[in-house]
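Please read them beside the structure.

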Amino acid sequence: MDRRTFLKSTLATPVAITVATAGTGFLGAQCAHARGIPASAFPGLPKDIHYPGPPAGTITTSITDLYKIGPGPSSSHTLAPLRIASDFRSLLESLPANQLAAAERIAAHLFGSLSSTGKGHRTDRAILAGLLGQKPETCDPAVMDALADESRHHQISIAEKVFTVGHDIIVWDRVEHDFPFSNTLIMTVRGKDGTELVSREYYSTGGGFFSWKEQPVQPRGKPVHAYGSMTAFTAVAAKTGKALHEIMRENEMAIMGCTPAAIDAHLDLVLDTMLEGVELGLREDGLLPGPFEFHRKARRIHEQAQTMPGPDAFMQLLSSYALAVSEGNAAGRLAVTAPTLGSAGTVPALVYVMHKHLNLPREAMRKGLLAAALVGFLCKNNASVAGAEVGCQGEIGVASSMAAAMVAYASAAPLAVTEMAATIALEHHLGMSCDPVGGFVLIPCIERNAFGALKAYNAWLMAKNEIASQHWEDLDRVIMAMLQTGKALPAAFKEMGTAGLGMTMVDC
């Protein structure tokens, strides 16, 4: 049976596939249709090599969860630790007066890649900033810069109890550990005699998300349209006749209890932060902070693009937009997790293209962000967006996939083409390791954002010019491949900075 005949037959006669489990997020599922290549085409393959079907479950992630604003350079190593420290400060504020009065010393124990590369990601400064009362969305970059001085100590007042904090409260603990998440941070408060009074075991799970051990489930509303996979989302769209952005908006209102105006306000904040990040980065030059000389290049690339012929000029302009935001993120500027800060330049580069080159109206750009959010939700819930969990394919790969879906849908592409654009972009980042040199978000992170943007734009062009029914891959399958690949990557290639470029770029 040839490919075209098989596609026609499977689309005409849906095939149900039932599985038990297939890794994180891929639970027992009923597959409404099989789009993959039939096993009969590969008689030599082992019998257990097959796709077990799309994941089950219901996604209740919010747009405000995914698109968070905070200081760079890393969402998992900077933004999440700042949020964690802020949460721990709130915990201390809620303690009974007698317990707080007995408290003497705060400590923060970092494990996994937080310990391995936290210095380069300003994790220590982020923790101090959170304890000092800084909030992610308004964190002053000057405060973060000042916190680089390891000789200084700072006093914080919590319900009239004064604590003294400095870099000596940071404990760079074990890289190898048995905690359930690679990026683990334990915050403690001890009394004068060293007795532990309060402790909370936190996990930074990627994209600025965090949780803690035995955290109670936070009540949320139920989505109007339940889905846990792209396959299920497509079925919802077909059944209800609603467009992607309508489904996303209705779910957001039901889950968060918010109004359409509140959704638009957050989307506009995200868009404005991204656009401002591009424009600021294109004006700046000089060195980026780090232990080795690293020059900004966005401004020069942008200026040189003005002298180049059309196609070459556009490629360089697009690259400069991504570089601009990524360089700002590396300098500790505010950026948007899309899905992470390490990949904070890819989606904004396409946002700037939509704004400046395609001249799309604001509402179309909002719809595009909602399409990108759908991709981010699926990747976050069914695999991971953390470099420490699945490598850079979960950061730049997902960012490129989100950006491809965004520009496709904002340009009025139908759902099938939007999915195809996202699928193509993600597929061609599979296997990308996370190997930051020295643990800094400089090499290769900044340039990877530019290449992620270029791949996203090309994925959109390919998707809109292809025949959707002839495309084999779908987004659920590629997300599962990303998860499987990420699990197989050695730990040294997942944000540790001790292998790949993290090793070969360092002279003896």
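1. A charge counts as sitting over a ring if NZ of Lys or CZ of Arg is within 6 Å of the ring centre and within 35 degrees of the ring normal. Lys464 meets this over the face of Trp460, at 4.4 Å from the ring centre. The charged end of Lys380 likewise sits over the ring of Phe209, 4.4 Å from its centre.

2. On provenance: this is a predicted model, in which local features need pLDDT of at least 70 and side-chain atom pairs count only at pLDDT 80 or more, while totals for chains, interfaces and linings use all residues. Residues are numbered from 1 along each chain as its sequence is written, and side-chain values use heavy atoms, with hydrogens and water left out.

3. Rings of Phe, Tyr and Trp (its six-membered ring) pair if their centres lie within 6.5 Å; planes under 30 degrees apart are stacked, over 60 edge-to-face and the rest tilted. The count is 10 aromatic pairs. Phe111 and Phe179 have ring centres 4.8 Å apart and planes at 65 degrees, so this pair is edge-to-face. Ring pairs also link Tyr202, Phe210 and Trp212 into a cluster.

4. How exposed are Phe111 and Phe179? Buried means under 20% relative accessible area, exposed over 50%, and partly exposed in between (1.4 Å probe, protein chains only). Phe111 is buried, with a relative accessible area of 4%, whereas Phe179 is partly exposed at 21%.
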